[in-house]
Amino acid sequence: MHNTGLTKQNYLSSTRAVITIPGLDNLSLTATAWNLPGVSTGSPLQVTTSTDIPHTGDDLLSDVFRIEFMVLEDLSNWIEIYKWIISITDPRRTTNWTNKQGTYLTGNMIISSSHNNPIAEITFNNMIPVTLTEIPFLTAYNETDYIKCTAEFRYSDFIIKLPDGTEYI
């Protein structure tokens, strides 16, 4: 039998994640869908007459952080992101937004296992909102269907911290 050296082979499932952003008092998002953003590097090519030769990139390119969340009945979590976006883009309305820490904030996402045990904390540094989707009101359903929206964020970098204290920067 071939020994792979792996001791744990449980697969990750998307069971639960909660996002908090210190500085936004009314914002705690319970995720119904989210991504741990991918990263890539630019790969410049050295053009030659016979074949192009790829080289390692020196820039880290991060994908957008996207979260689908359930909108609270009083709309407070949706409104908090809305006010953040408006304060960045429309100087006439900055007094409506009460964040005292600035435009760029740190966001924390706790990802939990199927047993609700934290398996990773992701810290997004210098985070800003770039998209907030509409609130889709539908009355065609007979059952209670909770409303979900999506927010997208850009950030400078993120840190993954595991429960044993190991960090990946």
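## Confidence of the model

The term pLDDT denotes the predictor's confidence in each residue, on a scale from 0 to 100. The model is a predicted one, and its chain has an average pLDDT of 82. A score of at least 70 is reached by 81% of the residues.

Within the chain, strand S11 (residues 157–161) has the highest confidence, with a mean of 95. The lowest is found in strand S1 (residues 16–20), where the mean is 80.

A salt bridge is counted when a side-chain nitrogen of Lys or Arg lies within 4 Å of a carboxyl oxygen of Asp or Glu. Two salt bridges are found by this rule.

One of them joins the side chains of Arg-66 and Glu-152, with an N to O distance of 2.7 Å. Arg-66 belongs to strand S7 (residues 65–70) and Glu-152 to strand S10 (residues 148–154), so this pair ties together parts that lie 86 residues apart in sequence. Arg-66 is partly exposed, at a relative accessible area of 37%, whereas Glu-152 counts as buried, at 19%.

## A salt bridge within a helix

Glu-80 and Lys-83 also meet through their side chains in a salt bridge, at 3.8 Å from N to O. Both residues are in helix H1 (residues 76–89); because they are three residues apart there, about one helical turn separates them.

Glu-80 is buried, with 5% relative accessible area. Lys-83, at 22% relative accessibility, counts as partly exposed.

How values were computed
Residues are numbered from 1 along each chain as its sequence is written. Side-chain values use heavy atoms; hydrogens and water are left out. Helices (H or I, at least four residues) and strands (E, at least two) are DSSP runs, numbered from the N terminus. Buried means under 20% relative accessible area, exposed over 50%, partly exposed in between (1.4 Å probe, protein chains only).
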